[in-house]
Amino acid sequence: MDPIVATPISESSNITDLVVTNGNGVKGLSEMGLKTLPKQYIQPVEERITVSNILPQESIPIIDMSNWDEQKVSESICDAAEKWGFFQIINHGVPIEVLENVKDATHRFFNLPAEEKRKFSKENSPSNSVRFGTSFSPEAEKALEWKDYLSMFYVSEDEASALWPSACKDQVLEYMRGSEPVIQRLLEALMKRINVKEIDETKKSLLMGSKRINLNYYPICPNPELTVGIGRHSDVSTLTILLQDDIGGLYVQGNNDSWVHVPPISGSLVINVGDALQIMSNGRYKSIEHRVVANGSKNRISDPIFVNPRPDDMIGPFPEVLARVLFNYASRGGGGEA
Ligand code: OGA
Ligand code: NI
């Protein structure tokens, strides 16, 4: 009999101590070599990801941005944002080295001893804007997710340099700086289609006034079919720019409750529309649900940058989008009955 399975590890208080209080995370659980998944992580059947509702023949668009100022590139971006809410970009201009460095930095952070990572937990973190955590709020969630994360709200380079973990901050900041022109180009293209000709300071602030970066770590899981890396959700962002490694496991909602895999492509970035942009575009661009499977044989990482309005901003559809709706209505003799 395996002593690890037989120990009281399945008791909630021990799991909390090990995973949360002591800073081991799910990664620590995974490294104990558990043969079975602790029951807190077992998802209800309807939340699990089975092969029966996956569409292997479908894929989200892959857009080559080398000639990003060409009309057809902008059109592919807008078409993808309308139809899928998700696409991958290649030749986007962020140097491969910058991407490789941030992936290495992600591993470096999660490979730190638990005592080091614990310094950034909710209780200990020197700032609210940096948080090392794991999906552990048994009172709030039906079942836990098989993931650890480091989440960093970006205020300024100075603040980041002072507060972010030194194992990753330089590489993360370089990745954020490098992705800035890409974010601007994407938003410019997306705005043009919805009749926003110029992104003035007010709009710029609403579209990209604040940023958050997460480093996600999905450790090897003893029973991947019973749990999830992240359950179905949409992002609250305007846009999310996600770098993933070569393991795979991100799925996007397709038609009729089916799921479409986002295959890793070396050097690519995954882009998705979040709730804020769906709202600002009056539903024209779609914020689509997505989720991540747990993996039975490999550790996976991902690094999403969430481009957001500022936390206190009120958002609504841009006037340009509404002007169009009103115009169309009026031009059809609006209001009168047929
Ligand atoms: C997220 C997310 C996907 C991934 O962090 O919001 O959807 O592939 N991540 O890790
Ligand atoms: Ni997401």
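Strand 12 gives four residues to the shell around ligand 1, the largest share; strands here are DSSP runs (E, at least two residues) numbered from the N terminus. The model is predicted: local features need pLDDT of at least 70 and side-chain atom pairs pLDDT 80 or more, while totals for chains, interfaces and linings use all residues. Residues are numbered from 1 along each chain as its sequence is written, chains are lettered from A and ligands numbered from 1 in the order in which they are written, and side-chain values use heavy atoms, without hydrogens and water.

Around ligand 1 there are 13 residues, of which Tyr218, His233, His290, Arg300 and Ser302 come nearest (near: a heavy atom within 4 Å). By class, this shell holds seven nonpolar, four polar and two charged residues; Ala, Val, Leu, Ile, Met, Phe, Trp, Tyr, Cys and Pro count as nonpolar, Asp, Glu, Lys and Arg as charged, and the others, Gly among them, as polar.

The table gives polar contacts (pairs of N or O atoms within 3.5 Å).

| Residue, polar side-chain atom | Distance to an oxygen atom of ligand 1 |
|---|---|
| Asparagine 216 | 3.3 Å |
| Histidine 290 | 2.9 Å |
| Arginine 300 | 2.9 Å |

On its own, ligand 1 has 290 Å² of accessible area, and the protein covers 95% of that (Shrake-Rupley method, 1.4 Å probe). Strand 5 (210-218), strand 6 (230-233), strand 11 (290-292) and strand 12 (300-308) are the elements that give two or more residues to its shell.

Ligand 1 sits in the largest pocket, meaning that more than half of its atoms lie within 2 Å of the grid points. A pocket is an open set of points on a 1 Å grid over the protein atoms alone, with protein on both sides within 12 Å along at least five of seven lines; a cavity is a set where a 1.4 Å probe fits but cannot get out, and lining residues have an atom within 4 Å of a point.

The largest pocket holds about 650 Å³ of space. Its lining has 28 residues, with Lys147, Asn214, His233, Asp235 and Phe306 closest to the centre. Strand 12 again supplies the largest share, five residues. The lining comprises 11 nonpolar, 12 polar and five charged residues.

One cavity of 30 Å³ or more is found in the whole structure. The lining of the largest cavity includes Tyr218, Ile247, Lys298 and Arg300, and by class it has four nonpolar, two polar and two charged residues.

How values were computed
A polar contact is a pair of N or O atoms within 3.5 Å; within protein, one must be able to donate a hydrogen and the other to accept it, and residues adjacent in sequence count only if both atoms are side-chain atoms. Grid points are joined across faces, edges and corners, and a volume is the space filled by probe spheres set on the points.
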